[in-house]
Amino acid sequence: MRLGVFTPLLSNLPLEAVLAKLKALEISTVELATGNYPGNAHCSLTMLEDAAALAKFKATLADHGAGISALSCHGNPLHPDPAQAKQAQGINRKTILLAEKLGVTEVVDFSGCPGDSPSAKAPNWVTCPWPPEYLETLAWQWDQVVAPYWIERAKFAADHGVRIAIEMHPGFVVYSPETMLRLRSIAGPSIGCNYDPSHMFWQGIDPIAAIRILGDAIFHVHAKDTQMYSANLPLTGVLDTKPYTDERNRGWIFRTCGYGHGAEWWKEFVSTLRMFGYDNVLSIEHEDSLLSPEEGLTRAAQFLNEIVLKEKPGAAWWV
């Protein structure tokens, strides 16, 4: 297993400077954003039509000894506003095509969230089964919007040698292991997850236990932590809608790895991933509102470099 970095946290720097900075932290793997919510500071989809730019991009990576773990285009491809859905879907499609050209096998996205009907203007995330119209809305979403889109998009990705790693995130139809596996059962094995334990923590899901449930559905992993605040949780619950910057009053906030849970927890997390077949990249993502991107990246890299084994363990001495 090795460390990587999701580079939007360094969007103020050109790619060459990002790669040099990461090399100093003993990191040579990047996850690059291509559009939608994270932007595309380091990886432009225009390279699909610009062979010279694509060649220069590949040469830059090679000159720094860097590799790409995934291309990411987190968006809402199921948005009820047709213009927004078309944009998110288009970026996803182009990202898959660029991944094919780069030899990258993983594209990260959100599942998306439709509205409550064909005439809706905003997404409608269903979180409870009663009153009964909520379940009617949920059934309509999955049957009429979620399944048709993701069946088609999963086939498109597979045809181009790419797997789609859905990040489970509240606010979208896939937010838990159960909903992840439901989508995978509908769309097939080219759909799996980008596993971010921080989103499990604040839903009350044990991230290590969930690895055992997800198994080979885990395609890519984000390294990000969450700190729960027991003093606020009795008031807020876990579905806390206050801004992330209102740290004093929230029930939880995202933290840099090691600031929510210590080394013992992260060692078990890494070991369980490997036990269930994942031995790839831990991609550091920074969303800690109490640390700057520079601080968060440096501290996460130092913390995780002490935990992640650079090489897969060899055979036991008695074999």
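This is a predicted model: local features need pLDDT of at least 70, side-chain atom pairs count only at pLDDT 80 or more; totals for chains, interfaces and linings use all residues.
Residues are numbered from 1 along each chain as its sequence is written, and side-chain values use heavy atoms, with hydrogens and water left out.

The strands β1-β2-β3-β4-β5-β6-β7-β10 form a closed barrel of 8 strands with parallel pairing. Helices (H or I, at least four residues) and strands (E, at least two) are DSSP runs numbered from the N terminus, and two strands pair if DSSP finds at least two bridges between them. From one strand to the next, the twist averages 30 degrees; angles run from 0 to 180 degrees between N-to-C directions, and axes are lines fitted to C-alpha atoms, for helices over the stretch in contact. Strands β5 (residues 163-167) and β6 (residues 191-195) run parallel and are joined by 4 bridges. Within this pairing, Ala-165 stands opposite Gly-192 in β6. Helix α4 (residues 133-159) packs on the sheet, where it touches β4 (106-109), β5 and β6; the direction of α4 makes about 135 degrees with that of β5.

The axes of helices α7 (residues 207-214) and α9 (residues 263-275) come within 9 Å and cross at roughly 5 degrees. The two helices are therefore roughly parallel to each other, a class that covers angles under 35 degrees, with over 145 roughly antiparallel, 65 to 115 roughly perpendicular and the rest oblique. Contact (heavy atoms within 4.5 Å) is made by Pro-207, Ile-208, Ile-211 and Arg-212 of α7 and by Trp-265, Glu-268, Phe-269, Thr-272, Leu-273 and Met-275 of α9. This contact comprises 7 nonpolar, 1 polar and 2 charged residues, where Ala, Val, Leu, Ile, Met, Phe, Trp, Tyr, Cys and Pro count as nonpolar, Asp, Glu, Lys and Arg as charged, and the others, Gly among them, as polar.

The largest pocket has a volume of about 250 Å³. A pocket is an open set of points on a 1 Å grid over the protein atoms alone, where a 1.4 Å probe fits, with protein on both sides within 12 Å along at least five of seven lines; lining residues have an atom within 4 Å of a point. Grid points are joined across faces, edges and corners, and the volume is the space filled by probe spheres set on the points. Of the 16 lining residues, Phe-6, Pro-38, His-74, Glu-285 and Glu-287 are the closest to the pocket centre. The lining divides into 8 nonpolar, 4 polar and 4 charged residues.

Two loops carry backbone features. The peptide bond from Trp-130 to Pro-131 is cis, with omega near 0 degrees, and Pro-131 lies in the loop between β4 and α4. Glu-26, although not a glycine, has a positive phi of about 65 degrees; Glu-26 is placed in the loop between α1 (15-24) and β2 (29-33).
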